[in-house]
Amino acid sequence: MFEEPLKLVLGLISGILFGVLLQKGQVAKFQKLMGQFLLKDFTVVKIMTTAIAVGTLGVHALVALGVAEIHVQTASLARVIVGGVLFGTGLAIFGLCPGTSVAACGEGRRDAMIGVLGMFVGAGVYVASYEALEPLFRSMADYGKVTLPEFTGTAPWPWAGALAVVIAIALALLERAHPKRLDAKL
Amino acid sequence: MNRLLLALCLMPALASAADFGVDARNYSGGAWSPYVVGAGIGVLSWLTFYFADKPIGASSFYATVAGFIGKLVARKHTQSLEHYQTEPPAVDYGFVFVICTILGGFIAAWTGGEIRNEWLHPMWVERFGNSIALRGVIGFIGGVLMAFGARLAGGCTSGHGISGTLQLNAGSWLTVIFIFIGGIAAAMLLFTYL
């Protein structure tokens, strides 16, 4: 029922930091997420790609030092495609995602609280239908828990480095095409 | 190797400093630059991997809470569900993480003078009028779809979109692409063409 206390304390600290970052980054706001999908506001993409570039370098360094492990999810094609599209559709309808909506609850947003209730129901429906769905997905193409370096039989370092460089270049170009001042001021 | 780590730690800080220098005037009030926030989330992911051996993620929280609620209303049935036998709902790292994200959001909004006890956003009102019921129903439906999709895909914008992609997980990159396809299509339909 309870995980070890140390893990819970770490969850507490990192959760608070995550909430602060999301709210200060303005992504706990309906306009920002909807603006991203309407391609009018690029705050979400800027935050996500910067996090990926910084994160991939550090996490792969920690893994190379032998002090961290990779934890990836399974790559069942049907799950990823159907789940991804359903998720994106729901996200655009609600206007907030599972992490940003709880940060929006912290802002006091009433509609975010209703959406969170909806997510409890949606997750419950999934769990309740798991037994019926699982055999269906098990019968379809599944690449298992695999990273791009593993899939191609290459070392992760060139991937992480190249990804960070590509993101840095892409962001420089994006910032030129769509400067931060064009993103909504809220 | 330690020097490499130190350099990696300093990099986002330097990037942030440079960014503040350029754009400080655009970021009065509560908001921080997206690059500072992005770098912060990236560094936070190092810390969660190193200290907690966990990637950042939010969506499993919802299945956990659904399990707690299920146990209250139908204990036997809930415990018999296959999903909860492999992953029993528990007060774990992921649960505390998301609960505390609410607290973090509150602290940030409060210090930035951005506490908004509101139902509607200007962008929503402009498009769909000022019915709270409509926003509530649509928000609820969106939440149901989204959480179902997240559990199906095995993660959300954080679990796949940031943690999975930074680990170079093949499935996560695919998921993000399909999240954006679904999201852009639905948003364009709702706000432009419908």
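**Figure 1. Helix 2 of chain A is a covered helix in this predicted model.** Phe30(A), Gln31(A), Lys32(A), Leu33(A), Met34(A), Gly35(A), Gln36(A) and Phe37(A) are buried in helix 2 of chain A. That is 8 of its 8 residues. Buried means under 20% relative accessible area, exposed over 50% and partly exposed in between, with a 1.4 Å probe and protein chains only. Helices are DSSP runs of H or I with at least four residues, strands are E runs of at least two, and both are numbered from the N terminus. The cover comes from both chains. It includes helix 3, helix 4 (77-94) and helix 5 (98-106) of chain A. Helix 7 (122-128), helix 8 and helix 10 (170-193) of chain B also take part. Just after helix 2 of chain A, Leu39(A) has a positive phi of about 60 degrees.

Residues are numbered from 1 along each chain as its sequence is written, and chains are lettered from A and ligands numbered from 1 in the order in which they are written. The model is predicted, local features need pLDDT of at least 70, side-chain atom pairs count only at pLDDT 80 or more, totals for chains, interfaces and linings use all residues, and side-chain values use heavy atoms, with hydrogens and water left out.

**Figure 2. Helix 2 of chain A packs on helix 3 of chain A.** The two axes lie 7 Å apart, at an angle of about 90 degrees. Helix 2 of chain A is therefore roughly perpendicular to helix 3 of chain A. Axes are lines fitted to C-alpha atoms, for helices over the stretch in contact, and angles run from 0 to 180 degrees between N-to-C directions. Angles of 65 to 115 degrees count as roughly perpendicular, under 35 as roughly parallel, over 145 as roughly antiparallel and the rest as oblique. Helix 2 of chain A contributes Lys32(A), Leu33(A) and Gln36(A) to the contact. Helix 3 of chain A contributes Thr43(A), Val44(A) and Val45(A). Contact means heavy atoms within 4.5 Å. By class, this contact has 3 nonpolar, 2 polar and 1 charged residues. Ala, Val, Leu, Ile, Met, Phe, Trp, Tyr, Cys and Pro count as nonpolar, Asp, Glu, Lys and Arg as charged, and the others, Gly among them, as polar.

**Figure 3. Helix 6 of chain A crosses helix 3 of chain B.** The axes of helix 6 (residues 110-138) of chain A and helix 3 (residues 60-73) of chain B come within 8 Å. They cross at roughly 80 degrees. Helix 6 of chain A and helix 3 of chain B are therefore roughly perpendicular. From chain A, the contact uses Val116(A), Met119(A), Phe120(A), Ala123(A), Gly124(A) and Val127(A). From chain B, it uses Phe61(B), Tyr62(B), Ala63(B), Val65(B), Ala66(B) and Ile69(B). The classes are 11 nonpolar, 1 polar and no charged residues. Leaving out residues up to four places away in sequence, Tyr62(B) touches Pro98(A), Ser101(A), Val102(A), Val116(A), Met119(A), Phe120(A) and Ala123(A).

**Figure 4. The largest nonpolar core has 96 residues.** Such a core is a set of buried Ala, Val, Leu, Ile, Met, Phe, Trp, Tyr and Cys residues joined through side-chain atoms within 4.5 Å. Phe87(A), Leu91(A), Ile41(B) and Tyr62(B) have the most contacts inside this core. Helix 3 (residues 43-64) of chain A gives the largest share, 10 residues.

**Figure 5. The cysteines form 0 disulfides over all chains.** A disulfide here is a pair of cysteine sulfur atoms within 2.5 Å. The cysteine sulfur nearest to that of Cys97(A) belongs to Cys156(B), 6.2 Å away. Cys97(A) is buried, with a relative accessible area of 4%. Cys105(A) is buried too, at 14% relative accessibility. The sulfur of Cys105(A) is 12 Å from the closest cysteine sulfur, in Cys97(A), so the distance is too far for a bond.

**Figure 6. Gly139(B) sits in helix 8 (residues 132-153) of chain B.** Gly139(B) is buried, at 1% relative accessibility. Beyond its neighbours within four places in sequence, Gly139(B) contacts Phe94(A) and Gly115(A). Gly139(B) and Ser163(B) are 24 residues apart in sequence and 26 Å apart in space, C-alpha to C-alpha.

**Figure 7. Asp142(A) lies in the loop between helix 6 and helix 7 (148-152) of chain A.** Asp142(A) is partly exposed, at 42% relative accessibility. Apart from neighbours within four places in sequence, Asp142(A) contacts Thr74(A), Ala75(A) and Ser76(A). Asp142(A) and Ser76(A) are 66 residues apart along the chain, yet their C-alpha atoms are separated by 4.0 Å.
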